[in-house]
Every structure is written in structure tokens, then in C-alpha cells.
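Take a look at the chain below. The notes after it go through its parts one at a time.

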Amino acid sequence: MPSVPAVPAVPGGAEDLARRYLDAWARNDVAAQRRVLVDAPADFDAQHARWRQDLGVVASRFERLELESEDGATAVMKFHGVHTLRGLGEWEVESRLRFERRGQRWSLRWTPEVLHPALRSGDRFGRTRSWGPRAALLDAKGHPLTVPGEVIRVGVLPGRVKDRAAVASVLQAQLGVDPVKVLAALNVASIQPEQFVAFIDVRPERYQQVRSALAPVPGIFFRKKLARLTPAEGFAAHTLGRVGEVTAEALQVLGPLYQAGDVVGLSGLERAQERTLAGRPSGEVRLLRRSGGSELLQRFDGEPGRDVRTTLRMDVQAAAEAALMDVTRPAALVAVDTATGEVLAVASRPLGEAPHRALSGRYPPGSTFKVVTAEAVLANGLKPDSRVDCPLEVTAGRQRFRNFESEVLGTTTLRRAFALSCNTTFIQLAAKLDRRALEDAARRFGFGVGYDVGLPSPGAAFPEPRDDAERAADAMGQGRVLVTPLHMATVVAAASSGVWHAPRLLADAEAGPEARLSPGTPEPLRDLMRAVVKEGTAKSAASVAGLMGKTGTAEFGLTVPPETHAWFIGVRGGMGFAVLVEGGGVGGRVAVPLAVRFLQALDAATVLSFKDDAS
């Protein structure tokens, strides 16, 4: 804490006493405060502790100290204190220190008015505090994505449990609760027999599905609880996040405006936009008279929370959730507006795991990166009908590279090599480019560009290749190239529109960086991506009108043969999207069917919406 400024000199050291007392107060060093005083009250420590506890004081500072009066026998100094009250804010108080002359020196004598000029012996302080209603997260059209509702809290009463293993087993089987967590909670020595121990909150519809299996097990009980609900279970769960009682970690980040017991955003946009959604609490500080009654000392005017509008579209998000509904491997699906970079939908699986794979997971893009390599070679003068070679293998930097599943196309067109994802073709073409051409193309697609989505997302990395072998690996999306599913959605969107836009989740956020592709490349890129769906690795989706894109099968790990992530990035209409299945296998066989399911669900929602509007 800063030292109290000097004051006009008072004979006998009164200024020094005042400064020492206030400095000790600012440090919350009650023992040092007491040492400065003469004849400190016997309950001095208790009075200070009660003052701090009743008001929730977490810090104090003192900004002004001035001599108010001095008559030779007594002196009075005024000081300005600023006390930070947990959960309310700063409370400013003008108080006084009183001195008596003893011989040639001044002595500081404590009275209750040091704490507040209106305080008298036996009085206490009291406070009230309340939050207003939490504001809502909205979709792109302004419809609420979160609404007040009711959930069922599933837990146990330890004294009623007859078989701990049975309780842990059924909670895991029906609701996916970690049995280790259940058994650990039941083994806590301090637990009370009738203390309700909660493990999971479920929506009413889920409760109805599992109640018949859970209710007969002795010890399992249910409690109703108010909560913020999304349109459906799991809907944009990682993105919207959840609310709950503030944790110790969250308190450290949110600061003194919050206190234990507050309900706050714990993850996703609920956490990121906490201060906007929650507003500011209101409250009062009162002086509670010993004789009865109270006196208002300070009113803290709260602020209502403000709605936060996202760029999510309800129909697109619902289609993304439907596409991933039965996927058991970790997966992600992201859709963006090709004209703006606005995120239309974003879904990650599994729902019960914290990582938001769609935004924060980083993976090798595999052959989906050939969109970038193709833009570089098209900018260098090649056309979709240009003749290229697709041998079984090539050597670059003393390293041999082979085609996936030993495919050989021989002499063919760039269009066919792209459609069937020939690795050796693109390695050879990249080797003929200027050494920085591939890096420059990656930059045009946002690689290495920082942007703020609205939630943590590291973007895409294309480190400068260390040698010819790494440059070859980079050309087919391996090497050290890393991307998020979100970023690959922006890549395919840029390939279609000709302009890369940084993605964003918040409708009112400023547009981020953007970059233009090389002149003349978007149209042939669209030609190449159409060929992938019509005659190439994604031809199983050929029946989906207007779809174009690129598959990817990205190797990772050290096993032989290596495991692979399954990718598909696609464009239809004004929407670009990316599908990833971690360790899923071949992009054309695994990711493409999910893309088809996504688009079919979106089409069905559009038809249903049209019928509703017509009626």
C-alpha cells in the first residue's frame, strides 16, 4: 500500500503516529496498529475483526491526511479511507484520528469514530447485496440460446446407501458419472449421513429416461434446481458453457466484485462474457445501532446484465448437433459464413470432456491443406486441366513419400490429382515453386495470423520448413502444419469466396483480419473442389446439390502404420464447414458421411421452417 502523504507539521510526532497507524491499517496489521495507540481498548482486535467481517473488507487504502484542529492539548486529523468490500466495490469514508498531549509529545487515542464518524460504542455495521437477473446469450437473429428452467440434481444421502459399488455402477452406466468420484465422495470422513451429495444435473427429459433405473437403488435421491437451459441437451454445450457456484479459481480471476456463493459462468461464453451477462450487484452498507434501528451509510447501485448476441444460427447449430449425435470418437464440426467469417455453428464431442476441440484442438490438416497448395500452384500459372504426374512415390530431401493406399494415377490432370488426393503430385508441384510461395499462400489463408474468436482458439501454424523433406510433408498437410477445425472452415470458405476472413463468434465484435487470395485462383479452386465431390474421394456425397470440398486423412503418432484423423472441409451456398473425427480413419469414408448428415439435417430444418412460416 502507498504511504500516507505528509501533513502540516504538528509538534511532538503526531504526524508520524498517524502515518504509522494508517500504514499498518492498510497492511491489515492489527498488532502494529495497537502498538501505535495509547490505552488501546481491551477488545481492539475483536472490534477490527468484526468491522472487517461485517463489511467484507478485503483491502483498505488511505489517500488524504490533514490537520483539522489543534489547541495545544488536543489535536484532530482527518483522513480519507477507501475500503474495498468483497462483492460490492469501494466504500469511501472520511474519518478522524484524535490526539492528546502528554508532556512534550502527542499520543493517539482510539475511538470508534476512527472506523466511521457516526459509529458509537456497541454499534455494528451490516450490509446487503443482491444480483439482478442474468442476461441471455442470443443467436444471430436475437433469439435466446439460454433460458431459465429446471434441472434434476442426482445425488446420494450417504446414510441411506447400502451398497456403494452398486451406486457407483448405476450412476456410471446411466449418466456417465465417474465411479471413482462417487466412491471418493462417499469415503470423506466428515460427510454427514443425511447430507445430500450431488453428482450431476440432468434435464427433466433425461431424468424421466433414467429414473426407473436409479430410483430403486438405496441411497440415490433427486433434488430440483433452477438452471439456465439451452434449446436441447448438449446444444452448443462447449461454446455456450455452463453456470454454477463460483469456484476458488474463478474468484481469483473475477476479482473482488464477486464472493463465495455467487452463481457465475464457469465455462464457454458464459465465462468469457461473465461481466456483461451478470452486470453488477446492488447493495447497502448500514450502521446498526445498539439501541435499535439502522442508518444507511452507502448505497451501491447495481447494473443489469446485458444480452450478448452471438453469430450462431439455431438451425445450423441444431444440424451440427444432429450430425455428431452418434459419434463415439472425439469429433468436431464448425460452420462459418463465407462472406464474413461469422461462426454459424460449432460443436465438439464428447460432450462430457472439457476441451473444445472445434476451437482449441490443433491437428495436422492432412490433404485438406492441398487447397492451400493448389492455390499456390494456380497462382504460379497452372490450370485445372494442366498435365501433372502422380507416381507411386517421390523422394524429397532424402525422404521417400508414397501415396495413400499405394495409388498411382500416372500422367493426369491437376483436377484429377486433386480430386483423388495424389500426394506425390502436390509434393512435386510444391518443389517447383519459389521457396516462400507455399508459406505466402498459407498466410493468405490466415496461417500464422492472430485473431480473437470470442473464446480461446490458437488459429493455424505453418512454421518455415526446415528442409526439403519438411517442405514436401507440408505440401500435403503433414510436417509441422497444425490447424483447428474452426480454422479449416475458414480455409475452405476463403477458397470459395476468394477472401479469407478471421472467424468470430460475437455479433457485435469488430471484424478481424482478412486477406485476399491470388488473383484468378478462386474460380479454378472451386472447379477442383467440385471434382472432389463429383468424381473424387468424396463422391459418396455427389447427390448433395451444390457441395464442393476436400477430404483429408492426416497421419499422427508413432505407430506403424500411423493412426489417422478423418477430415472433410466443404462449401455449399454461402457456408463453409469442417468436419474432423480424431483417429477416425479415412476422411472420405468417415468425415464425408457426417458432412452429408449435417447438410441433410440443415435442409430438413429449412423445409420445416418454410412450412411453419407458410402456415
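## A covered helix

The buried residues of helix α13 are Lys370, Val371, Val372, Thr373, Ala374, Glu375, Ala376, Val377 and Leu378. The model is predicted. Helix α13 spans residues 370-379. Nine of its 10 residues are buried, so the helix is mostly covered, with buried meaning under 20% relative accessible area. Just after α13 comes glycine 381, with a positive phi of about 115°.

The largest nonpolar core holds 107 residues. Which of them touch the most other members? They are Phe445, Phe447, Met575, Phe577 and Phe598. A second core is separate and has 37 residues. Among them are Ala14, Leu17, Trp106 and Leu297.

Methionine 575 belongs to the largest core. Set aside its neighbours within four places in sequence, and methionine 575 is in contact with Val316, Ala335, Val336, Thr338 and Leu344, as well as Gly570, Phe598, Leu599 and Leu602. One of these contacts, Phe598, is also among the core residues that touch the most other members.

## A pair of crossing helices

Two packed helices are described by the angle between their axes and the distance between the axes. Helix α18 covers residues 485-497, and helix α19 covers residues 522-535. Their axes come within 7 Å and cross at roughly 120°. Are α18 and α19 parallel or oblique to each other? At roughly 120°, they are therefore oblique.

From α18, the contact is made by Val492, Ala495 and Ser496. From α19, Pro522, Leu525, Arg526 and Met529 take part. The contact residues divide into five nonpolar, one polar and one charged.

## A three-stranded sheet

Three strands form an open sheet, in the order β5-β12-β13. Their pairing is antiparallel. The edges are β5 (124-130) and β13 (294-300). Each has a single partner strand, so one side of each is left without a neighbour in the sheet. On average, neighbouring strands are turned by 20° against each other, direction ignored.

Strand β12 (residues 282-288) is joined to β5 by seven bridges. Phenylalanine 125 stands opposite leucine 287 in β12. Helix α3 (residues 44-55) packs on the sheet and touches β5 and β12. The direction of α3 makes about 15° with that of β5.

Note on methods. Residues are numbered from 1 along each chain as its sequence is written. This is a predicted model: local features need pLDDT of at least 70, side-chain atom pairs count only at pLDDT 80 or more; totals for chains, interfaces and linings use all residues. Side-chain values use heavy atoms; hydrogens and water are left out. A nonpolar core is a set of buried Ala, Val, Leu, Ile, Met, Phe, Trp, Tyr and Cys residues joined through side-chain atoms within 4.5 Å. Buried means under 20% relative accessible area, exposed over 50%, partly exposed in between (1.4 Å probe, protein chains only). Contact means heavy atoms within 4.5 Å. Axes are lines fitted to C-alpha atoms, for helices over the stretch in contact, and angles run from 0 to 180 degrees between N-to-C directions. Helices (H or I, at least four residues) and strands (E, at least two) are DSSP runs, numbered from the N terminus. Angles under 35 degrees count as roughly parallel, over 145 as roughly antiparallel, 65 to 115 as roughly perpendicular and the rest as oblique. Ala, Val, Leu, Ile, Met, Phe, Trp, Tyr, Cys and Pro count as nonpolar, Asp, Glu, Lys and Arg as charged, and the others, Gly among them, as polar. Two strands pair if DSSP finds at least two bridges between them.
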